[in-house]
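The sequence and the model come before the details.

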Amino acid sequence: MDIRPKIFDLSLSTRMKKWFSGCVIVSLFMLLIFRYAVMKNPLGQGYLPNPLANSSNPLEWVQATIPPAVQNSSNSLEWLQYTVPPAVQNPENDSQVVSIETVAFRLFAQRNISNEEQQSLRTWNLMKNLINHSQVLPNGMEAIKQAGSAWNSLMVSVEEEKRGSMNDSSNRRAKEKLCPHFLNKMNASELDSSDYRLRFPCGLTQGSAITVIGTPNGLLGNFRIELTGESVPEEPDPPIILHYNVRIHGDKITEDPVIVQNTWTVAHDWGEEERCPSPVPEKSKKVEEFDQCNKMVGGNVTLKSGVARRSSMMLEGFKSRRYFPFKQGYPFVATLRVGSEGMQMSVDGKHITSFAYRETLEAWLVSEVRLSGDLQLISVLASGLPTSEESENVIDLEALKSTPLSLKTSLELFIGVFSTANNFKRRMAVRRTWMQYPAVRTGLVAVRFFVGLHKNQIVNEELWNEARTYGDIQLMPFVDYYSLISWKTLGICIFGTEVVSAKFVMKTDDDSFVRVDEVLASLKKMKLSHGLLYGLINSDSRPHRSSDSKWYISPKEWPGERYPPWAHGPGYVVSQDIAKAVYKRHREGQLKMFKLEDVAMGIWIAAISKDGLKVQYKNEERIYHMGCKDGYVVAHYQGAREMLCLWQKLEEGKGAKCCGDR
């Protein structure tokens, strides 16, 4: 029998198996290479099928990749299902890298919202070029990506409400209570002294306070108070906006009691420690006129025999000892108060430490307080929390709504007001006071709040309802960070020239009281309509070169020794031609973004003047950027009560008199 065919078959089978095995190995190898290449892509360009992935403008891709049937669909949920990848639709997978194209999808594609709701988005699409320049300013890319997630979640919530799931008024009222003004845990038996957390549903704002009553105990008596922010999908742990560490028996650096303050983020790890008492007291800074560390901490104190003194330690006889506000076994009352520039800690009624905000770590981002260590916790109380007013309970609601504006409405003055999402009370104070000037109510002047999105969905939902109710909010397509406020200045210029046609455009803050009648009178008296910058002009200022400063500017950001003339941010006015030129230079990619918005306007104007525009700098000394003085045109750092008081004085004919202690 001839066995050659069998031998041939066996040989062929063997070769086929080897070939198949080789193909499998090569395929696996290629798959690994492909996966590595995708993971190395910092923007995740392979995240979605992208026919225009090589385009320099990701916004071209937004409209190109959505089928017309979906673009024109009246069901925004259908649109969301199509445009948002499965990894983003499922929260557990949201830690994957989100591409910039996905962000563009989320922020700028058409949504199923009413004409009334679109009034708060008049500048939204006109600012979409920010995506192409988001890396110019610190945290710009992160702010836009986080806004994509926040906006997507908000739109889903809005769609659900329209479908009837939130129509029940009792549900709505219960939802509003999720932004309480006051929180407390007073029963020590309910508190876990080893690790206790109290969540702030709508964050903190200026004037908020957290009071902790407890007793250092345990082996060492060391404990920590930490204010943490919202977690984001790309980061496993939330940022620590303030780390307040009490070390009663010292640490590796000192054997004496010490308080250590710091911050922590995934990107930058621990920041630079601030110690109290400081090893170099002569370098101690001030925060809102308070010492970074009270000079009495670490100093000698003497107490007399028989006199009970409450300073966290009680000594008998004439004993001299270094003062420290916390003592093992003795209860304390500590209050952490949120200020405009930082946080202040007082213990038993004495100011002890101050901590200035660091870049991207601001009070509005705080979502939780955590207490841990050797601490017997008695109670925790939080007051002055941001909360919105229920529109059903506002008696004068119609008087507070903004005057409707049609496209290209002619105005004498447009005023854009910087505000952050959870500053509900500040906006209400502005509505009840200087927004009631006749010039504003009759439509000669228009006022709008420019507000970035929040990481917290509850805050965004409250903000959306506030925008629908009053019609005076312009939402920004990014999450608010201090380093990005010049983007709001750009938004104000856009609104004042492209949405309406204002002869003058003004920028101010939600804690500034503006005498609108006096601003109009001053502009009329100057008889200037071109090339004008009117405000408190600073013509000789230098960049802060200390990296610890909130206003730190590196030589790369601004190499010059001095800035061009600029006007202080609480209130300044530019003429229409300047506002138009700012937007034009932005569209052409020629606008230098700078993180200090008032200085940025000065830089932009200096650049515009090189194109031949003659600039008129008009100084107004009655614009007070550090508070209030009688005769003010603009008074800064005014709380809600001061705002109402100032307005009452004007209505009673007492003139521009300050409030406060008067």
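## Overall content

Of the 662 residues of the protein, 52% count as buried. The model is a predicted one. Its secondary structure comes to 18 helices and 27 strands. Among contacts in the protein with a separation of 6 or more, 72% are between residues 24 or more positions apart.

## Helix H6

Helix H6 covers residues 100–108. Nine of its nine residues are buried, so H6 is largely enclosed by the rest of the structure. The buried residues are Ile100, Glu101, Thr102, Val103, Ala104, Phe105, Arg106, Leu107 and Phe108.

## Helix H16 and its surroundings

Helix H16 runs over residues 576–587. With 12 residues at 1.5 Å a residue, H16 should span 16 Å, and the 17 Å between its end C-alpha atoms agrees with that. Gly589, which follows H16, has a positive phi, near 75°.

The buried residues in H16 are Ile578, Ala579, Ala581, Val582, Tyr583, Arg585 and His586. Their cover includes two helices, H14 (485–499) and H17 (597–609). It also includes strands S21 (501–509), S23 (532–538) and S24 (566–575).

Helix H17, one of the elements covering the buried residues of H16, is itself mostly covered, with 11 of its 13 residues buried. These are Glu597, Asp598, Val599, Ala600, Met601, Gly602, Ile603, Trp604, Ile605, Ala606 and Ile608. The 13 residues of H17 should span 18 Å at 1.5 Å a residue, and its end C-alpha atoms, 18 Å apart, agree with this.

How do H14 and H17 cross? Their axes come within 8 Å, at an angle of roughly 55°. The two helices are therefore oblique to each other, and their crossing is right-handed. On the H14 side the contact is made by Ile485, Ser486, Thr489 and Cys493, and on the H17 side by Glu597, Ala600, Met601 and Trp604. By class, this contact has five nonpolar, two polar and one charged residues.

## Helices H8 and H13

Helix H8 spans residues 140–162, and its axis comes within 10 Å of the axis of H13. The two axes cross at roughly 60°, and H8 and H13 are therefore oblique to each other. The crossing is right-handed.

From H8, the residues in the contact are Ala150, Trp151, Ser153, Leu154, Met155, Ser157, Val158 and Glu161. They meet Gln457, Asn460, Glu461, Trp464, Asn465 and Arg468 in H13. Sorted by class, the contact of H8 with H13 has six nonpolar, five polar and three charged residues.

Asn456 lies in the loop between strand S19 (445–453) and helix H13 (457–470). Is Asn456 buried or exposed? Its relative accessible area is 6%, which makes Asn456 buried. Leaving aside residues up to four places away in sequence, Asn456 touches Phe200, Pro201, Cys202 and Glu230.

## Helices H11 and H18

The axes of helix H11 (residues 424–432) and helix H18 (residues 640–651) come within 9 Å and cross at roughly 5°. That angle makes H11 roughly parallel to H18. In the contact, H11 supplies Lys425, Ala429, Val430 and Arg432, while H18 supplies Ala640, Met643, Leu644 and Trp647. The residues of this contact divide into six nonpolar, no polar and two charged.

## Lys618 in strand S25

Lys618 is found in strand S25, residues 616–619. With a relative accessible area of 30%, Lys618 is partly exposed. Not counting residues up to four places away in sequence, Lys618 touches Met526, Leu528, Leu532, Leu533, Tyr534, Gly535 and Ile537. The C-alpha atoms of Lys618 and Leu523 are separated by 10.0 Å, and these two residues are 95 residues apart along the chain.

Conventions: Residues numbered from 1 in each chain as written. Predicted model: local features only at pLDDT ≥ 70, side-chain atom pairs only at ≥ 80, totals over all residues. Heavy atoms only, no water. Helix = DSSP H or I, 4+ residues; strand = E, 2+ residues; numbered from the N terminus. Expected span 1.5 Å × (residues − 1). Buried < 20%, exposed > 50% of the residue type's maximum accessible area, 1.4 Å probe, protein only. Contact = heavy atoms within 4.5 Å. Axes fitted to C-alpha atoms, helices over the stretch in contact; angles between N-to-C directions. Parallel < 35°, antiparallel > 145°, perpendicular 65-115°, else oblique. Left-handed = near helix turned anticlockwise from the far one by under 90°. Nonpolar A, V, L, I, M, F, W, Y, C, P; charged D, E, K, R; others polar.
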